[in-house]
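Let's take a walk through this fold together, moving from the overall picture to a few helices and strands. Keep the structure open beside you as you read.

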Amino acid sequence: MSEVITGCIHIHTTFSDGNKSFEEVAHIADDVGLDFIMVSDHMTLQPLQEGKEGYYGNTLAIIGYEIHDPNNKNHYLVFGLNNILNPRLPASEYVPQAAEKGAVGIIAHPDEIRNYIHKYPSYPWTEWGVGGFNGIEIWNHMSEWMERLRRFNKLKMFIFPRRSLQSPTKRILRKWDELNMKGKIAGVGSVDVHAFPYKLGPLRLVVFPYKVQFKSIRTHLIIERELSKDIKTAKGQILGAIRDCRVFISNYRWGDASRFNAEILTKDGVVQIGGEKTFEEGYRMQVKIPKDSQAAIIRNGKVYARFNGKKAEIPISAPGLYRVEVKRSGKGWIYTNHFKII
Ligand SMILES: [Zn+2]
Ligand SMILES: [Zn+2]
């Protein structure tokens with residue numbers, strides 16, 4: 001029996017520019033009920049080397065790091081390495097090197113645009129020609145917030161950071177669909193949480209406290225058996241699910257999506273999210289959503305079918321690259337990875 005585990009990806013602590021210690025962050029994640037977090041401080045694996053990977057209550061904290069090139073460009077999350085790579089490498093070298101060492105690599109905030117705060121410039125990915133990455137962040141809370149930030153909405157955006165979240169950008173979804181026409185690239189959600197303090201006139205605010213962030217964009221993984229209590233085995237389960245694209249993402253603000261399910265029913269079993277199967281007549285996509293929603297099945301980047309409600313079974317009448325998008329009141333709630341029907 002497969003099951004779904006829920007976590008947050010791309011978290012900074014005081015090992016780099018986050019504002020809470022590793023232990024504090026892990027305990028906050030446990031308090032809000034996450035099954036796992038993936039911590040990625042900038043250019044350091046010190047928390048891993050200090051033995052901090054492991055369970056904190058019921059939350060497993062696994063540790064990778066965020067690489068950037070010598071110009072602080074092309075941010076890349078890597079999980080599964082024991083030592084950092086040479087910090088002077090360009091992306092064209094750290095992406096393949098991490099892959100050779102068996103790590104899972106995720107392109108961070110790939111299409112970021114920042115309109116307002118010039119002190120914090122944007123860091124989009126520019127090295128699309130380099131192969132060997134396993135995933136990309138299709139929804140990064142921090143990037144979307146920064147892209148929407150303007151002088152007129154600044155106060156509201158700072159006080160209600162989750163209200164600004166709408167959905168992944170069309171640009172990145174298109175890019176992600178294209179990448180999957182050629183290979184198998186996971187789409188993950190990320191919080192990119194630093195919780196940095198910011199001075200706004202007389203106010204001192206912490207932008208995105210960890211607790212708020214952990215209740216926003218979550219990544220759900222489909223694993224075979226329940227998450228192991230053995231740290232190494234559990235880490236393998238998490239990284240394996242990302243590698244295989246057994247992933248969907250959600251914005252917790254619109255509801256707990258962990259009981260969401262989408263699969264393609266065939267006469268000899270089901271195709272799960274991330275799965276692949278040769279086309280035959282009679283396939284049906286079954287979608288079960290925990291709350292009434294507006295859903296769309298996307299095929300090869302275009303809307304294939306739409307339905308409203310909590311449940312539907314839609315015939316799959318041709319091969320293609322399928323995925324499901326779910327909205328509530330027009331706001332993005334759940335996005336699955338692809339099913340490949342070839
Ligand atoms: Zn970054
Ligand atoms: Zn980051």
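**From the whole chain to its parts**

In the protein chain, residues 24 or more positions apart account for 69% of the contacts with a separation of 6 or more. Keep in mind that this is a predicted model. The secondary structure of the chain comes to eight helices and 20 strands, and 43% of its 342 residues count as buried.

Let's begin with helix α3, which covers residues 91-100. Which of its residues are buried? They are Ala91, Tyr94, Val95 and Ala98. Looking down the axis of α3, you will find these buried residues within an arc of 100°, so they line one face of the helix. An α-helix has 3.6 residues a turn, so residues three or four places apart point the same way. And what do the buried residues of α3 pack against? Their partners are three strands: β4 (59-67), β5 (76-79) and β6 (104-107). After α3 comes Gly102, with a positive phi near 85°.

Now move along to helix α6, residues 170-182. From its first C-alpha to its last, this helix of 13 residues reaches 19 Å, close to the 18 Å expected at 1.5 Å a residue. Its buried residues are Ile172, Leu173, Trp176 and Asn180. Seen down the axis of α6, the buried residues fall within an arc of 100°, so here too you can trace them along one face of the helix. What covers the buried residues of α6? The cover includes the strands β7 (135-140), β8 (186-190) and β18 (320-328).

Our last stop is strand β13, residues 261-266. It pairs in the antiparallel sense with strand β16 (residues 284-299), over five bridges. β13 also pairs with strand β14 (residues 269-272), again in the antiparallel sense, over four bridges. Between β13 and β14 there are two residues, and the two strands form a hairpin.

Leu265 is a handy residue for seeing both pairings. Which residue of β16 does Leu265 stand opposite? That residue is Arg284. In β14, the bridge partner of Leu265 is Val270. If you select Leu265 in your viewer, you can look from there to Arg284 in β16 and to Val270 in β14.

How values were computed: Residues are numbered from 1 along each chain as its sequence is written. Chains are lettered from A and ligands numbered from 1 in the order in which they are written. This is a predicted model: local features need pLDDT of at least 70, side-chain atom pairs count only at pLDDT 80 or more; totals for chains, interfaces and linings use all residues. A residue is buried if 20 or more other C-beta atoms lie within 10 Å of its own, exposed if 12 or fewer, and partly exposed in between; C-beta atoms are placed from the backbone. The arc is that of the directions from the helix axis to the C-beta atoms. Two residues are in contact if their C-beta atoms, placed from the backbone, lie within 7 Å. The expected span of a helix is 1.5 Å times one less than its number of residues. Two strands pair if DSSP finds at least two bridges between them.
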